[in-house]
Amino acid sequence: MIPILNKLSGFYSSYVLGILTIGYILGELGHYLIGVTSKQTAIELDYGDHACQQNNSMFTRHELMTQCSDVKNESSCYALDMNGTGYCEWNYNGLGIDYQILAGPTFILVFTIAGVFMGFAADKYNRVKMLTVCTVIFGVAILLQGTVKEYWHLVLLRMVMAAGESGCNPLATGIMSDIFPENKRALVMAIFNWGIYGGYGIAFPVGRYITKLNFFDMGWRMCYLGAGVLTIIVAGLTGTTLREPERKSIGEGDRTTASGKPVSLWQVIKSPAMIMLMIAASIRHSGGMTFAYNADLYYNTYFPDVDLGWWLFAVTIGIGSVGVVVGGVVSDKIVAKMGIRSRAFVLAISQLIATLPAFGSVYFEPLWAMITLGLSYFFAEMWFGIVFAIVVEIVPLRVRSSTIGVFLFVMNNIGGNLPILVDPVAKVIGYRGSIMIFYAGFYGISSILFLITCFLLDGKTKPSSNEHESQKTHPDTILNARHMHGHDNSVFSVDETLPSNGRPAQLPQHLQLSNGNGYEKSQSIQPSHNGAESSRL
């Protein structure tokens, strides 16, 4: 860490959160820029569908007898005129299966696979150094996207970008969970994971207005060049000003099973609560990705005479930010009273409330579409940080980052690839109807799934004299559906202390006491080996 930060050590944790969040925002900006620049990119690189589009701002939609988007062939498109003035053009519209593949699967394929490996590596190696390398990789990839000459160049670079960005969440989540206490964890995770929506929101003005300004006659390319340079600068700050924190146990899973064996990644993943949480998060993520990949294209298609770029930016950044903070604070406050179950309950209620206005945002005219979008965003964006607060609190330290990697693999493969169905469904029922199903409809489905997850997690439990006996019944009892408890900051981490035989140390029966959350902790013994002490928060 550079010397000046020693004088600002009291603000170090906030600084870490700031640097990690900015890096994530820039990565997601590079990710989502394609959705805003797609039309210009498609025209230059020759990919995607052609469509009849309004190209004359002299007329509003309400003045026109026939909308350009209603015409399905080139000759009829150019035949449309208003008082002898043509107002339509037949050109690439930025949509089509080529675009959906470019936006989703080509990125997600690499992102999810690499993310699993990053998660495993994060449990063993220096996370700050790894994050620095990852940030450099996706920063260079974003920059080079501004130089492409062919469609396949863009595909390849998005895959490289995905490989680098795949390390951001598991690495940064691990770093933050070792720095921040429980009473701030959901808020911190929410702020960081808001980087997805921050990058997405910033993509609207950057993709629209930087392209129109046409700096150095480079159009859309300048968006990628600028974002890439900024990302490389943040990578430098990450590597030179952040230090690797001490790894700390933070959840009830930071112990061995009753048989004395460490809890494995498979035992964590196969638990009903974790499976349901992954499914619910995947469906919710799919709804968010559908809107993210299609919002600018959707509003340009149906409201070509209305510039909604700054509206979308304001709703995403402004209202979305408030929702993120409120969700994190509410979750952190009530978890102390209701236990870990409260986080899932907040998820279910927030997504349910967000569903109806989400339908409104793709049904109404521009003004009410933005009003309902803002209302939807306030509640909808509570979800991401809370989900990962749940994950880090119900899994053991030794597999925390690898669990996050697997979780992201499942969530992104489902959530990131389902939006590819928007195009074929749109060709059957229309673009608007398809967006309603995969965007607003999936919000509602995720609400139901989060509610089910709520009942698979335990609330605030009381000490039980039968706790030890029930755990002896089966080694995996700790991970059973209704036995995943909340968090104890003073939990003793048995699985971190390795004696000379290489096996996890296990405390004698009489020293394994039960705390208020229903799991054991040591009150007096902290064995160490080679100077390594067990971790506490």
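1. Helix α1 (12-45) is the element that gives the most to the lining of the largest cavity, with four residues. Helices and strands here are DSSP runs (H or I of at least four residues for helices, E of at least two for strands), numbered from the N terminus. The largest cavity holds about 110 Å³ and is lined by 15 residues, with E28, F111, I196, H285 and N412 nearest its centre. Besides α1, the elements that give two or more residues to this lining are α4 (105-122), α12 and α17 (400-417). By class, the lining has 10 nonpolar, three polar and two charged residues. The classes put Ala, Val, Leu, Ile, Met, Phe, Trp, Tyr, Cys and Pro under nonpolar, Asp, Glu, Lys and Arg under charged, and the others, Gly among them, under polar.

2. A word on the basis. This is a predicted model, with local features needing pLDDT of at least 70 and side-chain atom pairs counted only at pLDDT 80 or more, while totals for chains, interfaces and linings use all residues. Residues are numbered from 1 along each chain as its sequence is written, and side-chain values use heavy atoms, leaving out hydrogens and water.

3. In the whole structure, the search finds five cavities of 30 Å³ or more. The grid has a 1 Å step over the protein atoms alone; a cavity is a set of points where a 1.4 Å probe fits but cannot get out, a pocket is an open set with protein on both sides within 12 Å along at least five of seven lines, and lining residues have an atom within 4 Å of a point. Points are joined across faces, edges and corners, and a volume is the space filled by probe spheres set on them.

4. The largest pocket has a volume of about 1400 Å³. Its lining counts 45 residues, and Q53, N93, L297, N300 and T301 lie nearest the centre. Helix α12 supplies the largest share, six residues. At least two residues each come from α1, β1 (50-54), α9 (195-213), α12 (272-302) and α18 (422-429). The lining divides into 15 nonpolar, 18 polar and 12 charged residues.

5. Now the salt bridges, meaning a side-chain nitrogen of Lys or Arg within 4 Å of a carboxyl oxygen of Asp or Glu. The count comes to 11. One of them joins D296 and R208, at 2.6 Å from N to O. D296 lies in helix α12 and R208 in helix α9, so this pair ties together parts 88 residues apart in sequence. Both D296 and R208 are buried, where buried means under 20% relative accessible area, exposed over 50%, and partly exposed in between (1.4 Å probe, protein chains only).

6. In the K427 and D49 pair, the closest N and O atoms are 3.4 Å apart. K427 sits in helix α18 and D49 in the loop between α1 and β1, so the bridge ties together parts that are 378 residues apart in sequence. K427 counts as exposed at 58% relative accessibility, and D49 is partly exposed at 28%.

7. E365 and R61 form another salt bridge, with the closest N and O atoms 3.2 Å apart. E365 is in the loop between α14 and α15 and R61 in the loop between β1 and α2 (74-79), so the pair ties together parts 304 residues apart in sequence. E365 is partly exposed at 41%, whereas R61 is buried at 9%.

8. Y363 lies in the loop between α14 (341-361) and α15 and counts as exposed at 55% relative accessibility.
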